[in-house]
Amino acid sequence: MLTLGLIGDLTHVHGEFLELARRAAPGRCMLVTDAVSAAGIGTEAPRVPAQHASDDRRVGGEGGGEGAMVLAGGVQTGAQVVAGLIGAGFDAGWVLDAFTRVPARTIGWDDRGSLQVGCWADLVRWDANWCVADTWLVGESAFALDTTG
């Protein structure tokens, strides 16, 4: 069965299209990031001149004239994409499923992506504002938000 891989940062794929895909392909939408910030790119989505891109999609509806730019990656982490989509009104259950279970099933990992007996699981605890509060990897605390001020 076909799985739709969608960059969920609301920049690469418009929210209305994400909603259309969610309704048209229930349980088959996989949310991903296009984050390149780990490569030292910075805090804004990088753009390159259109003549260096593989097609002529334009950023912000720009025409094909001299100086037209296209997106060349993103800067949002998975946690930021999750928080952004939920903040934009998408159902939290759908967002989390599309970011965890669906990708795991897509690559054949039936023992990952959900919290069930016998499954591997890393765990993220979100606070009330959908910010990462704690993360556990392989049963060990890997991150805890410092709330002491």
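Visitor: On what basis are the values given?

Guide: The model is predicted, so local features need pLDDT of at least 70 and side-chain atom pairs count only at pLDDT 80 or more, whereas totals for chains, interfaces and linings use all residues. Residues are numbered from 1 along each chain as its sequence is written, and side-chain values use heavy atoms, with hydrogens and water left out.

Visitor: What volume does the largest pocket have, and which residues lie nearest its centre?

Guide: Rolling a probe the size of a water molecule over the atoms shows where empty space is left. A pocket is an open set of points on a 1 Å grid over the protein atoms alone, where a 1.4 Å probe fits, with protein on both sides within 12 Å along at least five of seven lines; lining residues have an atom within 4 Å of a point. Here the volume, the space filled by probe spheres set on points joined across faces, edges and corners, is about 700 Å³. Of the 22 lining residues, F99, T100, D122, L123 and V124 lie nearest the centre.

Visitor: Which helices and strands each supply at least two residues of that lining?

Guide: Helices (H or I, at least four residues) and strands (E, at least two) are DSSP runs, numbered from the N terminus. The elements in question are α2 (78-87), α3 (92-99), β5 (123-126) and β6 (132-137).

Visitor: Which residues of α1 are buried, and which are exposed?

Guide: Buried means under 20% relative accessible area, exposed over 50%, and partly exposed in between (1.4 Å probe, protein chains only). In α1 (residues 15-24), G15, L18 and A21 are buried. These fall within an arc of 120 degrees, taken from the directions from the helix axis to the C-beta atoms, so they line one face of α1. On the other side, E16, R23 and A24 are exposed. The cover over the buried residues of α1 includes β1 (4-7), β2 (29-32) and α2.

Visitor: What caps the N-terminal end of α3?

Guide: D91 does, with a side-chain oxygen 3.1 Å from the backbone nitrogen of G93.

Visitor: Where does D9 lie, and is D9 buried or exposed?

Guide: D9 is found in the loop between β1 and α1, and counts as buried because its relative accessibility is 11%. The side chains of D9 and H12 are joined by a polar contact of 2.7 Å (a pair of N or O atoms within 3.5 Å; within protein, one must be able to donate a hydrogen and the other to accept it, and residues adjacent in sequence count only if both atoms are side-chain atoms).

Note on methods:
Contact = heavy atoms within 4.5 Å.
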